[in-house]
Amino acid sequence: MANTILEIKNISKKYGKNTIIDDLTLNVEAGQVYGFLGPNGAGKTTTIKMITGLISIDKGQILINGLDVVKNHEKAMSYIGAIVESPDLYEYLSGIDNIKLYARIHNIKKDRINEIIKIVGLESRIKDKVKKYSLGMKQRLGLAVCLMHSPKLLILDEPTNGLDPAGIKELRDMLKKLAHEENIAVFVSSHILSEVELMCDKVAIINKGKIIKVCDITKEHNLEEEFLSLTGGTKEWNFLN
């Protein structure tokens with residue numbers, strides 16, 4: 001039986017007279033990499049900020065591991081690890097010192113620290129100052145911090161922005177491993193179809209605040225063909241805008 005970690009039920013968000021999110025519904029299960037695909041301005045970051053409690057929900061409900069993010073905010077947030085826009089790191093400190101700061105706040109044991117450093121592949125550079133890290137290494141360190149308290153849901157907003165092809169592949173492999181081997185629900189937003197197709201098990205396509213298609217990604221199911229059918233044969237998002 002599927003274990004649903006994130007439930008979004010008919011949520012909406014307005015700024016003034018503009019509807020940014022319009023009656024959006026989706027579910028993300030444990031052990032699944034779920035892609036949230038759409039053009040810039042489609043409502044991806046707004047949705048993520050509602051999930052993480054950074055902005056209010058005008059209508060509808062969001063549940064994390066069965067807990068309402070409004071009524072049980074603190075407990076619901078304890079199940080989430082998230083990077084929204086960019087990792088929040090102290091660049092003048094080393095990687096290990098960044099991790100230890102977080103670990104002390106959340107009473108994380110040394111064994112867990114060592115385990116996470118290994119999972120994100122930073123063993124050889126963990127004592128270096130973060131300002132010397134590449135963008136990909138900073139992303140991995142940000143992931144390490146997010147994973148420290150063993151969240152059930154990992155949320156990443158456009159995590160491949162600025163990464164080179166090698167960094168994108170490393171991140172993609174890491175997220176798939178976390179989902180499939182650690183049974184974490186991973187929710188990833190992106191505007192790049194090819195990345196989502198290689199990374200995700202399931203994808204929701206969003207445009208103008210609405211989900212226009214949800215599809216499973218399998219060897220038999222080609223996301224590009226699905227996208228082309230939606231856009232009338234063009235690979236450009238502007239058909240939908």
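Rings of Phe, Tyr and Trp (its six-membered ring) are paired if their centres lie within 6.5 Å; planes under 30 degrees apart are stacked, over 60 edge-to-face, and the rest tilted. The model is predicted: local features need pLDDT of at least 70, side-chain atom pairs count only at pLDDT 80 or more, and totals for chains, interfaces and linings use all residues. Residues are numbered from 1 along each chain as its sequence is written, and side-chain values use heavy atoms, without hydrogens and water.

Three aromatic pairs were found in the whole structure. Tyr34 and Phe187 form a tilted pair, 5.9 Å centre to centre, with 40° between the planes. Tyr34 lies in strand E3 (residues 33–37) and Phe187 in strand E8 (residues 185–190), so the pair ties together parts 153 residues apart in sequence. Strands (E, at least two residues) and helices (H or I, at least four) are DSSP runs, numbered from the N terminus. Tyr34 is buried at 1% relative accessibility, and Phe187 is buried at 0%. Buried means under 20% relative accessible area, exposed over 50%, and partly exposed in between (1.4 Å probe, protein chains only). Ring pairs link Tyr34, Phe36 and Phe187 into a cluster.

Tyr90 and Tyr92 form an edge-to-face pair, with 6.0 Å between centres and 70° between planes. Tyr90 is partly exposed at 44%; Tyr92 is exposed at 54%.

Thr52 sits in the loop between helix H1 (44–51) and strand E4 (59–64). Thr52 is buried, with a relative accessible area of 12%. Residues up to four places away in sequence aside, Thr52 touches His73, Met77, Ile80, Ala82 and Ile155; contact means heavy atoms within 4.5 Å.
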